[in-house]
Amino acid sequence: MDKPRLRFAPSPTGYLHIGGARTALFNWLWARKTGGTFVLRIEDTDVARNTRESVEAIFTAMKWLGLDWDEGPKDADDQGGGPNGPYFQSKRLALYREHADKLIRSGHAYRCYATKEDIDAARMALPEKLRASFHFQSPWRDKRAELDKPHVVRIKAPSEGEVSFDDLVFGTIKVPAHTLRDEILIRENGMPLYNFGCVVDDLTMGITHVIRGKDHIINTSPQVLMYRAFGAKLPTFGHLPMLMKNSKEKLSKRDGAVGVGEYEALGYLPDGLLSYLVRFGWSFGDEELFTKASLAEKFDWDRVSKSDGIYDFKKCKAINQKFIAKLATIDELAKGSIKPLADRSLIVSLSDPRLVESINTVRERAETLVVMAEAMDFYLRDVPAMDDAAVTKFYKPEVADTLEKLAEFAATHVVEREARTMSFGEHQKALEEALRTFVTGLGIEMKAIGQPARVALTGRGASPDLASVMLVLGPSVSARRLRDGAARARAIEPAAAGAP
């Protein structure tokens, strides 16, 4: 048996919508699961709305998601991409005309010379209540005329019986033939309409599986007619449940944060986003976190649901947080943190030893890489940005001496990175115990000095535990920041200390 060939065929009229990304994912997964071929095709025949920027956005988004393709152009300028190219529809117009002429010769299609005025007149001749369901009956349907005047090419739809096809998700679907119309295959300007271009491309590219959103079911019956007119075997169809804004409206481009590029800018991880998207239509028990490799191993059609789902941005962010905390590799997080850190004017090298350690202290609570970069900020600056509210609340003249003593503790007890003989976690536990013993020896409780020390070390009132912070900063930086904190606390006028 030949291996499956699947395709994703976006239209470049804007960014890549997350609904499109979900469709691409399901096609990619089955290709990878079966050792098949994943084809990327650009349906760019909507001349008025297509833009180069949209084409580039599609390629950028697909590459960021890691949904690599086996055939198709590598970028907006590439007209190659494999043995079945070109993969831009605008470069395949002669092919569509050739196939339309073939259907005309076989009697399955005809040239229609009716004008817009002719069609409008036929519609208006009907009683008003019937106009909404108007099907144009072309007088050219049974004629073989070939006139030197503008025309479209229409398929001859049957008037009796039904059109049926089997769907991987919805089972057998039957459509009464009388509900179908003689659809236009080729416009007057030579451009194919969606259904015809899609069928010709899928036929000539050997596509075996057509997997797309449920909203395309309406297109499938006309496409089945076209396949049969060509005498071709039907591909396997699969229609996926929709991503909904609420119980009645599907998620559209007008809704916020639905472009894949936006999620990259917001600091999502590709597999974090895909872990959420794949659950729209598929599940594997209660599992929520997946890498693409684990998805490809587990994916099957038996687990695909018919039910639409309401897109929950908060849930998507929560899944991304879990992915950052539990499944993302440290290399992935380190590489992903470079840009959001740079956006904060922190230029950090992947070889900076502070990077990995600081990530490990903040990753569990970081919803996104942007949030993670904000949490790491104080580690990577020479002087941390001070939260005035935290300074006002926790700095008092009487904590200055203790901060000075903590500076001496840090200088002597925090082990230099190069001198460590244990893991970070083991050093952290040892330092935490030593710190607790030291503070008890001063005759005070940790809560009395913990917050002033945190502000001195990090500039903020909330941070990872003090032992972890001091280990990442190292002995000299920790000691310097604690001394600076002592000086700042000592300079506060007694009357102002603790003022709201």
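What does the accessible surface of the protein come to, and how much of it belongs to carbon and sulfur atoms? I looked this up first. The accessible surface comes to about 24100 Å². Carbon and sulfur atoms account for 52% of that surface. I keep in mind that this is a predicted model.

**Overall build**

I looked up the secondary structure next. The protein has 19 helices and 11 strands. Then I checked how spread out the protein is. Its radius of gyration is 32 Å, well over the 23 Å that the globule rule gives for 500 residues, so the protein is more spread out than a compact globule. I also noted the span of the C-alpha trace. Along the principal axes it is about 105 × 50 × 40 Å.

**Inside and contacts**

I looked up burial. Of the 500 residues, 48% are buried. Residues 24 or more positions apart make up 75% of them.

**Charges**

I found 71 positive and 69 negative charges in the protein. Their mean positions lie 4 Å apart.

I picked helix α11, which runs over residues 330-342 and has 13 residues. From its first C-alpha to its last, α11 reaches 18 Å. That is close to the 18 Å expected at 1.5 Å a residue.

Which residues of α11 are buried? I listed Leu-333, Ala-334, Ser-337, Pro-340 and Leu-341. And which helices do these buried residues pack against? I found α10 (313-327), α12 (353-362) and α13 (369-380).

Notes:
Residues numbered from 1 in each chain as written. Predicted model: local features only at pLDDT ≥ 70, side-chain atom pairs only at ≥ 80, totals over all residues. Heavy atoms only, no water. Helix = DSSP H or I, 4+ residues; strand = E, 2+ residues; numbered from the N terminus. Rg over C-alpha atoms; globule rule 2.2 N^0.38 Å. Buried < 20%, exposed > 50% of the residue type's maximum accessible area, 1.4 Å probe, protein only. Contact = heavy atoms within 4.5 Å. Areas by Shrake-Rupley, 256 points an atom, 1.4 Å probe, with all protein chains shown as cover. Lys, Arg positive; Asp, Glu negative; His and termini not counted. Charge placed at Lys NZ, Arg CZ, Asp CG, Glu CD. Expected span 1.5 Å × (residues − 1).
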